[in-house]
Amino acid sequence: MGAVPYLALISALAALGLAGFFYTDVKKASPGNDRMVHLMTEIQGGARAFLRQEYTWVAVFVVVLAVLIAALIQIEAAFAYIIGAVLSALAGYVGMTVATMANARTTEAAKDGPAKALPVAFRGGAVMGFSVAGLALGGLMLVYIIFVLGLQVDDAFSVITAFGLGASSIALFSRVGGGIFTKAADVGADLVGKVEAGIPEDDPRNPATIADNVGDNVGDVAGMGADLFESYAGSIIAPVALTAFTFSLVAENDIADDRLALLFFPMFIAFIGMIASIIGSFLVRGGNSTDSQALSRALHMGTNVAMVLTVVGTLAGAFWLFGDGDSFENPLGLAIAVIGGLIVGWALGKTAEYYTSDHFGPVKQIAQQSETGPATTIIKGVSAGMISVAASVILLALGIGIAYWGGQWAVGDATGLGGDSLDTFGGLYGIAVAAIGMLATTGVVVSVDAYGPIADNAGGIAEMAELDPSVREVTDALDSLGNTTAAVAKGFAVGSAALTALALFKSFEFAVKEAARVEGKDLTFALDVGEVEVFLGLFIGAMLPFLFAALTMDAVGRAANKMIEEVRRQFREIPGLREGEAGVNPDSARCVAISTQASLREMIVPGALAIVVPLVIGFISINALGGFLAGALVSGFALAIFMANAGGAWDNAKKYIEAGNHGGKGSEPHKAAVVGDTVGDPFKDTSGPSMNILIKVMTIVSLVFASAFVASPWA
């Protein structure tokens with residue numbers, strides 16, 4: 001049993017090795033002609049410059065928070081926090097680097113059809129996927145081995161949660177900053193280019209086109225990578241923290257085998273999921289058809305195989321770790337909890353696919369509504385997003401019920417584990433491991449997600465390099481599928497966020513009670529909505545995701561306004577630019593600079609809000625903080641689903657019309673659909689995907705600083 005952390009570490013190293021192999025494989029592919037190489041280099045330069053500046057800004061915040069953790073918690077926790085932050089940033093940078101290298105190579109491969117192009121784009125995404133999974137799992141296992149097994153520091157499991165906070169900090173700023181950058185450029189390029197100037201998407205005459213393509217990489221690749229890094233690490237930390245704080249565990253050599261099994265089970269699931277993802281990644285093959293359903297089957301083959309292998313491995317692992325323990329009634333229950341989480345995560349993804357794919361009714365209905373103008377387009381998109389919340393909440397509730405039942409069936413009231421009756425521990429542990437079930441196959445899931453921005457960039461390069469229209473036809477088919485795969489990955493991420501936050505919240509409760517015992521304080525922590533502190537916290541928590549969404553959307557609006565004015569200025573002041581005269585080129589660098597400056601400035605307030613508000617409330621009233629976290633979890637989950645699915649539906653409704661339906665490109669319905677897509681851009685790529693990070697950041701901040709809250713004079 002003691003080998004589990006080392007097995008997980010070995011699988012993480014194998015994932016990093018596979019990422020290196022795919023990187024070499026992609027690099028060998030031809031990047032195309034000189035014009036394509038020039039465009040690729042421009043996109044690379046813009047993305048690297050932005051990330052350097054963003055990480056410089058965020059580093060200041062990381063240092064400040066690390067000092068605060070060292071002062072109020074312990075120095076080892078500060079080190080773990082920095083490790084989590086650095087690895088999260090590294091995962092995003094690696095993904096961005098290979099994505100900006102794979103885009104032109106995918107374009108070149110598209111000349112020979114989807115059979116060549118899809119594997120290049122997928123393997124480019126797989127570098128990101130396995131870097132994210134490998135760095136997250138490897139970093140977490142190293143922190144566990146060093147601080148729990150090696151140094152056996154005081155409050156060792158608080159150190160592990162600090163690693164998760166470091167990952168969350170980078171993820172939040174990367175998602176918000178990258179999201180503002182990409183959508184400011186996208187909105188400016190679309191509104192002035194498509195609607196006002198009547199030129200195609202990614203037209204080389206449009207000054208914002210390069211900035212838009214840079215944004216795909218800093219937002220949808222680097223930001224998404226840091227997001228999934230944090231989600232994956234958090235899903236492993238949650239059941240470990242729940243077990244450790246419930247039973248006040250200190251070091252492994254003092255922990256009974258039954259409790260060790262509870263600590264090691266999520267690590268084992270991560271190990272199995274990683275091996276399954278590695279196997280699944282080799283099964284993605286492109287066919288010769290540009291039909292999106294055929295491409296989808298090819299792309300999802302690896303994910304589906306990885307899921308099946310994970311189910312088999314989970315069943316074996318549950319009986320291995322829990323089969324001989326006298327404290328466990330039926331190991332199958334915990335396997336059911338994990339498998340239930342995996343299936344519900346898949347179902348959440350399929351729900352997102354239904355509401356965002358142009359093969360199904362909601363997107364076609366939005367396209368139909370475009371016949372009567374932008375207003376009805378927006379109304380239908382909002383309603384589709386809202387309806388999708390109902391389906392997602394029902395699925396999540398079903399998953400929570402199955403996981404809770406499975407955990408209770410396996411562990412019972414935990415009297416054999418703790419001596420005292422802990423009626424709900426088994427159920428809560430089942431919910432926690434269901435979250436790692438959702439993200440067990442993160443390596444291949446992120447590979448599929450990161451493929452999308454690469455395909456999008458490939459289409460942009462095809463247009464700007466003025467290649468044969470048949471190339472753009474292939475890249476458009478890949479890109480349309482990419483929108484759906486992104487929505488599916490967001491479904492996995494936000495579903496796991498809800499389950500992880502619930503487990504971390506319960507860990508926070510146990511941490512508060514233990515800290516109160518150590519401090520000798522008579523402190524009662526209870527979520528009783530009849531108590532005015534809890535009630536106020538509940539309302540403030542429910543409000544915060546809306547405030548956060550408003551701030552990030554306003555940020556996109558302000559940045560986009562500057563971008564629109566700049567694109568209009570260039571069309572007005574540069575002779576021959578709009579007409580496409582030979583030798584006349586736009587000032588793309590100016591547009592990249594506008595997006596960079598605006599996004600870095602605008603990300604500070606929303607990002608800091610997620611850290612500062614729970615700290616302020618926690619030092620004033622722990623019970624109010626409990627209500628706050630509960631309110632934020634519920635409203636944040638619903639808002640995330642609504643925004644992601646509404647935005648994805650508007651985007652694919654536009655693409656559905658561009659494929660020749662309802663008048664095709666340039667028609668009035670197309671202009672209406674572009675407006676809807678523009679509204680949906682910050683929904684699906686800025687505010688929506690930031691919600692799952694917001695939920696977990698606030699919960700894990702509360703958990704890390706629980707002892708400091710209890711020690712405050714107001715507690």
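Some ground rules before the tour. What you see is a predicted model, in which local features need a pLDDT of at least 70 and side-chain atom pairs count only at pLDDT 80 or more, while totals for chains, interfaces and linings use all residues. Residues are numbered from 1 along each chain as its sequence is written, and side-chain values use heavy atoms, with hydrogens and water left out.

On confidence, pLDDT is the predictor's own score for each residue, from 0 to 100. The protein averages 83, and 90% of the residues score at least 70. Helices here are DSSP runs of H or I with at least four residues, and strands are E runs of at least two, numbered from the N terminus.

Now the inside. The largest nonpolar core has 240 residues, and Tyr-232, Phe-265, Phe-508 and Phe-705 have the most contacts inside it. Helix 4, residues 114-150, gives the most to this core, with 21 residues. By nonpolar core I mean buried Ala, Val, Leu, Ile, Met, Phe, Trp, Tyr and Cys residues joined through side-chain atoms within 4.5 Å. Buried is under 20% relative accessible area, exposed is over 50%, and partly exposed is in between, with a 1.4 Å probe and protein chains only.

Back to Val-612, which is partly exposed at 43% relative accessibility. Its C-alpha atom is 39 Å from that of Pro-362, 250 residues apart along the chain. Then take Met-643 in helix 19, which is buried at 3%. Met-643 and Ser-388 are 255 residues apart along the chain, with their C-alpha atoms separated by 9.9 Å.

Next, charges. How many salt bridges does the structure hold? There are 15, each being a side-chain nitrogen of Lys or Arg within 4 Å of a carboxyl oxygen of Asp or Glu. One of them joins Asp-677 and Lys-654, at 2.9 Å from N to O. Asp-677 is in helix 20 and Lys-654 in helix 19, so this pair ties together parts 23 residues apart in sequence. Both residues are buried.

Asp-685 and Lys-684 form another salt bridge, with the closest N and O atoms 2.6 Å apart, and this pair is buried too. Salt bridges with shared partners join Asp-651, Lys-654, Lys-655, Asp-677, Asp-681, Lys-684 and Asp-685 into one network.

Glu-668 also bridges to Lys-671, at 3.8 Å between the closest N and O atoms. Those two both lie in helix 20, three residues apart, about one turn of the helix. Glu-668 is exposed at 57%, and Lys-671 is partly exposed at 30%.

Staying in helix 20, we find Ser-690, buried with a relative accessible area of 0%. A polar atom of its side chain lies 2.6 Å from the backbone oxygen of Thr-686.

How values were computed: Polar contact = N/O pair within 3.5 Å; in protein donor to acceptor, adjacent residues only side chain to side chain.
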